[in-house]
Amino acid sequence: MELETSVYRPNVAVYDSPDGVEVRGRYDQIFAKILTREALSFVAELQREFRGHVRYAMECRKEARRRYNSGAVPGFDPSTKFIRDGDWVCASVPPAVADRRVEITGPVERKMIINALNSGAKVFMADFEDALSPSWENLMRGHVNLKDAVDGSITFHDKSRNRVYKLNDQTAKLFVRPRGWHLPEAHILIDGEPATGCLVDFGLYFFHNYAKFRQTQGSGFGPFFYLPKMEHSREAKIWNSVFERAEKMAGIERGSIRATVLIETLPAVFQMNEILYELRDHSVGLNCGRWDYIFSYVKTFQAHPDRLLPDRVLVGMGQHFMRSYSDLLIRTCHKRGVHAMGGMAAQIPIRDDPKANEMALDLVRKDKLREVRAGHDGTWAAHPGLIPICMEAFTGHMGKSPNQIKSVKREDAASITEEDLLQIPRGVRTLEGLRLNTRVGIQYLAAWLTGSGSVPLYNLMEDAATAEISRVQNWQWIRYGVELDGDGLGVRVTKELFGRVVEEEMERIEKEVGKDKFKKGMYKEACKMFTKQCTAPELDDFLTLAVYNHIVAHYPINNSRL
Ligand SMILES: CC(=O)SCCNC(=O)CCNC(=O)[C@H](O)C(C)(C)COP(=O)(O)OP(=O)(O)OC[C@H]1O[C@@H](n2cnc3c(N)ncnc32)[C@H](O)[C@@H]1OP(=O)(O)O
Ligand SMILES: O=CC(=O)O
Ligand SMILES: [Mg+2]
């Protein structure tokens, strides 16, 4: 089926909502097939049952932040030592997803979904999170697209190239990543309050797709999910209860739904066993979400000027704290019988420069070889052009074995300590680092405000997680007036210096994108928001949360901004 959403006509129709549910997003008859009364009732049930737990978990995050801001550092919890020392394992891996050596990721856009499912990767992670700007249109179209993908009818006609896209016979297995616990969905009010974004993403997708998915993709299991940005096992416990609730509603066996949790916050690295334990009947492993992890390192240590990061480009997987995190994740997952997934290299193919392209591909190759040799069971690719390299690295090492869960135990990683996991990354800070953060942060935000959540910038993939690093690093350098020690000039970062950098980088952006695009785009608005966040007295928790209201469009009353 080709997707044709209708043109906006005010006040023509409203969604058939159950009591206490108000849909304030644009009406579209295609969206109405997703926002059915029954599906909305299911989302409302989830919201009513779990909102108190979510609120409490978010309060606990704040409390932890207060402790870190008063000088504490994250560490292993003595009260859950019995879980870390225990001999338990997670439920066995569903055969349909035993082999996940290469997973492609991408936003829930129609053409990309088809391309990703046809890409030759074992898994496609369809993203409502880092790679998606969560506007009403993007979210709802995403649900329509996923429903068509799961029932196999999805097509896309690229009119400019007169090319029709449809699914191959063999496709990747679908995982869906809902938003993090912290993001609201302002277009759906439940009992007068914005719904929890991830419960909307999960609830709508699960409701419409569980039956078909289990028949056609999961061989009796599923649907499958990725769970982002958790900081504590209590958050995993909520997901586990949500899954049980959904299984009950659907009348399917407990343990049908499976999820891989991204370990992408610093506090969560000390909770990996506990997170798997909470989800032990629903787990298919953990993943090294390296970009958010770096962001989280800065955020966690926002009040620790002795733990400043060097230039963003220097904080790679070779840094001791990053290697320790990946090694401990592998050991933990394999001890518990589940996948230890690697992460995303930021390089993407460079079409117009063969030499630069070869260098970029070589960096990806090295990153994937490091992962598979360390014991990871699979990895992420940002672009279909990277799949052959990732496949080659993993298959070259694993051969026909679907994974390394049983073969690589990494007992040596048992000696990894809190100090290893927190070790300050080494490297210098430069003016070019400040400039790059600024240039990338502004352009990413401009894209996000106009509907694109993942973009190519300077031959790298940029999404919400990588943009966060740029933002918080700038904030930290300004806040502590750091010396740009890599330049050898003794220059310190001040608000005035940053102001000049912003001006000059805006000029550069205008030159690079062209006057016309610059004028039509939201660069000036993005610049204002990014500058405000980088110079704020208190660090905002999330870039996308702070600017979310700018993409909220309420209908049918008027197209208001909250
Ligand atoms: C930190 C994290 O959370 S990582 C996970 C979240 N991030 C992501 O998922 C990023 C996914 N990747 C992307 O969005 C894109 O690859 C970008 C933005 C980085 C680059 O996009 P572009 O420059 O437009 O890619 P490019 O023009 O080379 O695309 C070529 C083709 O590949 C397709 N393609 C590119 N990336 C993907 C993808 N991830 N999935 C499916 N298809 C893709 C394009 O649709 C295009 O198809 P076509 O030839 O049929 O028209
Ligand atoms: O979600 C992945 C990450 O690296 O962040
Ligand atoms: Mg992430």
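Start by selecting Pro223, which sits in the loop between α6 (197-216) and β9 (224-227); helices here are DSSP runs of H or I with at least four residues, strands are E runs of at least two, and both are numbered from the N terminus. The peptide bond joining Gly222 to Pro223 is cis, with omega about 0 degrees. For background, most peptide bonds are trans, and most residues other than glycine have a negative phi.

Before you click on, a word about what's on screen: this is a predicted model, where local features need pLDDT of at least 70 and side-chain atom pairs count only at pLDDT 80 or more, while totals for chains, interfaces and linings use all residues. Residues are numbered from 1 along each chain as its sequence is written, chains are lettered from A and ligands numbered from 1 in the order in which they are written, and side-chain values use heavy atoms, with hydrogens and water left out.

**Two positive phi angles**

Next, pick Lys229, in the loop between β9 and α7 (233-250). Its phi is positive, about 55 degrees, although Lys229 is not a glycine. Is Lys229 buried or exposed? Lys229 counts as buried because its relative accessibility is 6%; the cut-offs are under 20% relative accessible area for buried, over 50% for exposed and partly exposed in between, using a 1.4 Å probe and protein chains only.

Now jump to Arg410, found in the loop between α13 (387-398) and α14 (418-422). Arg410 also isn't a glycine, and its phi is positive, near 55 degrees. With a relative accessible area of 17%, Arg410 is buried.

**Ligand 1**

- Arg351: a polar side-chain atom is 2.4 Å from an oxygen of ligand 1.
- His383: a polar side-chain atom is 2.7 Å from an oxygen of ligand 1.
- Arg177: an N or O atom of the side chain is 3.0 Å from an oxygen of ligand 1.

How much of ligand 1 does the protein bury? Taken alone, ligand 1 exposes 960 Å², and the protein buries 84% of that. (Areas come from the Shrake-Rupley method with a 1.4 Å probe; for residues, only the protein chains shown count as cover.)

**Ligand 2**

Keep Arg177 selected and move to ligand 2. An N or O atom in the Arg177 side chain is 2.8 Å from an oxygen of ligand 2. Asp130 has a polar side-chain atom 3.0 Å from a ligand 2 oxygen, and at Trp291 a polar backbone atom is 2.8 Å from an oxygen of ligand 2. On its own, ligand 2 has 190 Å² of accessible area, of which the protein covers 97%.

Show the rest of the shell too: among the residues around ligand 2 are Leu262, Glu264, Gly289, Trp380 and Ala465. The shell splits into four nonpolar, one polar and five charged residues. Which helix gives the largest share of the shell? That's α10 (residues 290-300), with three residues.

Go to Arg26, in the loop between β1 (21-23) and α1 (29-32). Arg26 counts as buried because its relative accessibility is 4%. Show Glu137 as well: the side chains of Arg26 and Glu137 make a polar contact at 2.8 Å (a pair of N or O atoms within 3.5 Å; within protein, one must be able to donate a hydrogen and the other to accept it, and residues adjacent in sequence count only if both atoms are side-chain atoms).

Then select Leu545 in helix α20 (residues 543-547). Leu545 is partly exposed, at 32% relative accessible area.

Finish at His320 in helix α11 (residues 320-335), partly exposed at 26% relative accessible area. Draw a C-alpha to C-alpha line from His320 to Ser79 and you'll get 27 Å, for residues 241 apart in sequence.

Methods: Near = heavy atom within 4 Å. Nonpolar A, V, L, I, M, F, W, Y, C, P; charged D, E, K, R; others polar.
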